[in-house]
Amino acid sequence: MAAGRGEFFRSFLEGLDRKPAQPAPVRRQPVRGRGKPGPGRGQAGPWEGPGGGKRRSKRRPKAAPSPDHSFPEAKTDKKTEDSIKVNSSPSKENFVERMPAEILIKILSYLDASSLFCISHVSKLFHQLANDDVMWHKIYMSEFGGQTWKPKSVDDAALKDEPVEVADRSAGHWKKMYFRTVAGQELNKWRRELRDISPFTGLPRQTEWVLRNLNVSWELTVRDRLGREIRLQPSRAYFFESSVIVRWSEGSFPRYHHISNIQLHGVRKDALKPGWCSLILKLDMKTHRARFIGKDRLIKLTLLSPGFIIGTWRGQNSIAFIMVSLHFHRLVEKSLLGSPVCPFSETVDRPAVDGSDPEFGLHGYTLHFVLHNTGTEIMSGHFRQLFCRTVHIRHGLVELKAINRADLSQHRSLSGGIKLPWKSEELEGSVENCCIMTLTLLDEFQKPFWCVSAPICITMAEKMLTFDYSGEHFLMEYQNPDGQVKMTLVWLKEQKQFFLVSLTVYVSVFKVNKHFSTEY
C-alpha cells in the first residue's frame, strides 16, 4: 500500500516537473495595473522590459539615465544572463504553491507515516502541510486505535479522559503522539530482550545484540577554544562480554592543546528523528586532569577519566586517534534515552534494610573481572562471596579481597603480554604495559553495584611485594570517587609472562551506606 502511494506521488511530481508545451503565438491583450506575472511572462521578450513589465508603445526622446527608474541597456556576461534566465523562468515550486492546500493535503493523505515524515523536510510548504494535525490524527487512530502504549506524562494523561476535538490539541500533538507511541512499543520490545540476565556477569545477555539491532552508534563532538565543533563518526567498535571499545581515527582532529571539551553521544543511524542524540559523557579539559599512561615509537597515550584515551603523534601536537571504553551496564538506556544536553538518569532500586544483620551490605559480593585490549582477552576471573568485616573498614573504604597474596592457589597467569593495540587512519602499532580493565561488582542480591571499564597501566613497584616468586614486581592501580582497584603482578623472566598474585577491590563507604541505607 505504501509503495503504491509513493508511486502515485512520484508520478504526480513528474507531471509537475514536465516542461509545458510552448503555446502558439497570440496577440496579447493590454493589461492594466501591476498584476503578478503569470507563467511564461517572467522572461523578457520583445514587448517586455528586463523586469517583466510591459513597455509603453509611445516613444520618448532619449534622456539621461535616472538611477531610480530607468534600466540602461548594457552588455552582460554569460553568468549574469544565466542568472536572469533562472530567476525569470517559472520555478518548479510555483506549480505546487499555486495549487489549493486542500488538494495537496488530499494527495499527502495517501502517504504512510514514514513517507509523510520524510517529505516534510522537502520545503517549508511541505513541512507545513505534512504537519497537519487532522491528517496525523487519522494516521494515529488507524494504526493504534485506543489500546496503545502511552508515555507516563501529564500531557499524555489526557488521552485517558473523554475524547476531544483535534483542533483543541496543541499544534503537532498527534504527530508527536504517533512517534512517541512507536518509540514506546519499540522500547518495550528491546526491554524484553534485556530481561534475560546472565548469572555469570549479572548483565543482560543480549546487550550487544540489542545495540546492533537498533543500529546504535556513538558520535564524538570535539570543541576547540574558539567554540568550533567537529563531529566524528566511529571508525571501529570492539565488542566484548561486558564492554565495548569505540575508536575514532578518521576525520579532521583539532590540535590537542586547542581542545576545550569532548562530548560523547549515543545516536541511531536510522532514527525517525534525525539529529537526535543522547549525551553519555562530557569532559571539560579544564576540570579533567590528563595523565600520561604509555608510548611507543610513534605515539603517546593520554588518559582522560573516566575512560577516554587520546593518542597524539610524538614530537607533535596533532591527534592520531581517540578511544573510549564503555561498560555494558545500562549502556542501551544511556545511548538512547538521554537528551542532547542531559545524560540518562539511572533509577536505583535499593534493597530493603535488614536490621537483623549487623554487617548488612558488607558481604555476599560477586566480582566479574576482565583485563583485555581491542583484540584479545588477557585475563578473566569470577570471584564469589567477597566480604569485609566491620573492623577492616579503613580510610573510608570497604576492602574486598578477590585474590589473596598469601594463597598461592589463587594466583593466576596472564595470557600473553599486556599491551594496547592502536590504529590511526594510515598507521598502526601497540603500546606496551597498557590495557583495559572491565569490572562488574554485584551485591548480595546479584544486582550491579559498581561497574567500571577504563584504561589501566603497569608501574614498577619500588620494593619486592612477595617472596614466593623471583622476578620484577609491578603494580596496576585504578581509582575513582566510588572506589579503588589494586593489583600486584610478578614478571617471570623464564616463562616470559605475568603472574597476578593479588587483586583487591576497595569500595567507598559512602557508596555502601547510600545503597544499603546503613551507617558504617
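Colleague: Which side chains meet in a salt bridge at 3.9 Å, N to O?

Modeller: Those of Glu219 and Arg231, where a salt bridge is a side-chain nitrogen of Lys or Arg within 4 Å of a carboxyl oxygen of Asp or Glu. Glu219 lies in strand β1 (residues 216-224) and Arg231 in strand β2 (residues 229-232), so the pair ties together parts that are 12 residues apart in sequence. Helices (H or I, at least four residues) and strands (E, at least two) are DSSP runs, numbered from the N terminus.

Colleague: Before we go on, what kind of model is this?

Modeller: It is a predicted model, in which local features need pLDDT of at least 70 and side-chain atom pairs count only at pLDDT 80 or more, while totals for chains, interfaces and linings use all residues. Residues are numbered from 1 along each chain as its sequence is written, and side-chain values use heavy atoms, with hydrogens and water left out.

Colleague: Back to that pair: is Glu219 buried or exposed?

Modeller: Glu219 counts as buried at 10% relative accessibility, whereas Arg231 is exposed, with a relative accessible area of 54%. Buried means under 20% relative accessible area, exposed over 50%, and partly exposed in between (1.4 Å probe, protein chains only).

Colleague: How many salt bridges are there in the whole structure?

Modeller: A search of the whole structure finds 7. One of them joins the side chains of Arg389 and Glu359 at 3.2 Å, N to O. Arg389 lies in the loop between β12 (377-386) and β13 (397-403) and Glu359 in the loop between α11 (331-336) and β11 (365-372), so this pair ties together parts that are 30 residues apart in sequence. Arg389 counts as partly exposed at 42% relative accessibility, and Glu359 as buried at 19%.

Colleague: Changing topic, how many helices and strands does the protein chain have?

Modeller: The protein chain has 12 helices and 21 strands, and of its 520 residues, 41% are buried.

Colleague: What about helix α7, which of its residues are buried?

Modeller: In α7 (residues 133-143), the buried residues are Asp133, Met135, Trp136, Ile139 and Tyr140. Seen down the axis of α7, they fall within an arc of 160°, so they line one face of the helix; the arc is that of the directions from the helix axis to the C-beta atoms. Lys138 and Ser142 are exposed on the other side of α7.

Colleague: And what is found at the start of α7, and what follows the helix?

Modeller: At the start of α7, a side-chain oxygen of Asp132 reaches to within 3.3 Å of the backbone nitrogen of Val134. After the helix comes Gly145, whose phi is positive, near 65°.

Colleague: How many residues are in the largest nonpolar core?

Modeller: That core has 41 residues, and those with the most contacts inside it are Leu367, Phe369, Trp450 and Met487. Strand β18 (residues 448-460) gives the largest share of this core, 6 residues. A nonpolar core is a set of buried Ala, Val, Leu, Ile, Met, Phe, Trp, Tyr and Cys residues joined through side-chain atoms within 4.5 Å.

Colleague: Which residues does Met487 touch?

Modeller: Not counting residues up to four places away in sequence, Met487 touches Phe369, Leu371, Ile456, Phe474, Leu475, Met476, Leu500, Ser502 and Leu503, with contact meaning heavy atoms within 4.5 Å. There is also a second, separate core of 36 residues, which includes Leu211, Leu232, Leu281 and Phe308.

Terms used
Polar contact = N/O pair within 3.5 Å; in protein donor to acceptor, adjacent residues only side chain to side chain.
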